[in-house]
Structure formats: structure tokens, C-alpha cells
Amino acid sequence: MAHPRVDKLAGIPLFYDRFSDDSYGKQGKPYRPYVEAGFLVICEYCFKEMQALFTPGGFAIGEIWSGGVGRSGSGSSLHHQNRAFDLDALVFSDKPMWVADTFPQRPFLYLAIEAVLRIHFGTVLNYDYNAAHEDHFHFDNGTNVGFKRAARSHVLFLQHSLTKLFDKDVGTAGVDGVYGDDTEAALTDALNDLGIGTITNTGNWETFLRACCAEALALETQISQP
């Protein structure tokens with residue numbers, strides 16, 4: 001059965017920005033990729049929720065820029081099954097656009113986006129995961145949603161959120177992707193402040209992610225100018 005081909009997600013137009021050596025984050029062309037049907041449903045829900053959470057703060061999403069969905073050939077990557085998405089940038093109606101490689105300069109909006117992605121996708125590879133992912137989010141539906149202490153990308157997000165959003169100390173090693181005693185203590189403190197139970201429970205994990213998104217957007221709004 002052929003995969004559907006789409007030019008929008010949750011009504012937001014798709015653009016491709018990897019068509020030349022210098023187009024990344026600067027210029028997008030209308031994009032109509034093939035997307036596996038089950039993955040497409042999750043993408044629709046994800047960007048619908050992102051739009052709903054972002055718009056009240058002035059971050060209405062007008063365009064989604066991608067580095068690609070499917071790949072040719074028969075490799076093992078979920079990209080080859082049209083079940084993975086590389087997110088490069090978002091264009092907003094009333095705020096400066098966001099580009100993924102600006103995490104060091106603009107961490108709050110990055111973490112807000114990542115939090116919503118993690119509500120819907122078990123696999124989200126982020127800026128610190130490795131050098132190949134510094135310029136995009138990779139997300140796919142190859143794993144179930146839920147916090148995993150052994151997953152480096154999960155712990156990186158958690159540590160960045162604890163330190164940057166909730167002003168918690170994760171130890172002398174800082175953000176290193178390793179879930180140790182200092183990270184656990186910082187998390188426990190943050191969860192107590194938020195009134196949320198352990199994030200090994202998927203429902204609590206999603207509640208924590210929404211709290212991260214809300215705090216990140218509030219902080220971004222304080223510094224963002226149209």
C-alpha cells in the first residue's frame with residue numbers, strides 16, 4: 001500500500017531547506033513528502049498540540065521546515081520506511097523564526113519544542129546527542145513514549161530542563177547525558193515543586209513535559225522580540 005503524500009501537518013505548510021549548500025535555515029521550498037500512515041497520524045497530533053500550546057504566547061507556527069522524511073533505498077533507518085522526520089526550523093507569524101542549530105543561543109524555545117515532540121514520540125534525537133544532530137531534531141515512532149534513564153537523549157533533555165528551566169543543580173559533571181544521583185536529586189526537587197509524581201509513569205512524564213513547555217515558553221517570551 002502506497003504511503004500518503006502530504007504538504008501540511010496539522011494544517012501547517014511543509015518546506016524543505018536542504019536543497020543547496022547554503023539554504024539550511026535561510027530558504028525553504030514547498031515540500032510534499034511521502035509519510036507512513038501511522039506515523040503521519042502521530043505527526044498531526046503532535047503539531048496540532050504544539051500549535052495550541054505555542055499560539056497563546058505569540059508563537060503561532062506558519063511554516064515547518066524539514067531536512068527530510070523518507071530516504072531512497074532499503075536501509076534499516078526508519079527514514080527508509082517514511083517513519084522519521086528531521087525538523088530544521090519553524091517560522092512564526094509574530095516572532096523571529098527558530099532554527100535548530102541555535103540551541104546555545106536560544107535554549108528556551110528549543111526545549112519547548114523538544115518537550116512537545118517527546119509527548120508524542122519515544123525517539124527524539126537532540127542537539128547534544130551527537131554532532132550530526134546539532135542542526136535538527138530527528139524524531140520517529142520506533143520506540144514507545146516514556147522516560148528512559150538509560151536513553152542518553154532523554155537524560156540530556158531532562159538535565160537541560162532542570163538546569164535552564166527550573167534552576168536545579170545536576171552536579172559537577174553538568175549536562176552529560178548520564179542519569180546519576182545528582183540528576184535524580186534535582187529531578188525529585190523539581191517534581192516536588194511542580195506537584196508531579198515519578199516520571200517513570202508515562203502520564204507523569206507527559207505532565208512534566210507540558211510543564212517544561214510552559215516554563216520554556218514563558219522564559220522565551222521574556223527575551224523574544226518580534
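Mentor: The expected span of a helix is 1.5 Å times one less than its number of residues, and helices (H or I, at least four residues) and strands (E, at least two) are DSSP runs, numbered from the N terminus. This is a predicted model, in which local features need pLDDT of at least 70 and side-chain atom pairs count only at pLDDT 80 or more, while totals for chains, interfaces and linings use all residues. Residues are numbered from 1 along each chain as its sequence is written, and side-chain values use heavy atoms, with hydrogens and water left out.

Trainee: OK, so what span should helix H4 have, and how far apart are its end C-alpha atoms?

Mentor: Helix H4, residues 181-194, has 14 residues and should span 20 Å at 1.5 Å a residue, and its end C-alpha atoms are 20 Å apart, which agrees.

Trainee: Which residues of H4 are buried?

Mentor: Taking buried as under 20% relative accessible area, exposed as over 50% and partly exposed as in between (1.4 Å probe, protein chains only), the buried residues of H4 are Thr183, Ala186, Leu187, Ala190 and Leu191. They lie on the same side of H4, because they cover an arc of only 135 degrees around the axis, the arc being that of the directions from the helix axis to the C-beta atoms.

Trainee: Changing topic, where does Asp88 lie, and is it buried or exposed?

Mentor: Asp88 lies in strand E5 (residues 84-92) and is buried, with a relative accessible area of 0%.

Trainee: What does its side chain make a polar contact with?

Mentor: The side chain of Asp88 makes a polar contact with the side chain of Arg18, at 2.8 Å. A polar contact is a pair of N or O atoms within 3.5 Å; within protein, one must be able to donate a hydrogen and the other to accept it, and residues adjacent in sequence count only if both atoms are side-chain atoms.

Trainee: Last one: how many helices and strands are there in the chain?

Mentor: The chain has 5 helices and 8 strands, and buried residues make up 50% of its 226 residues.
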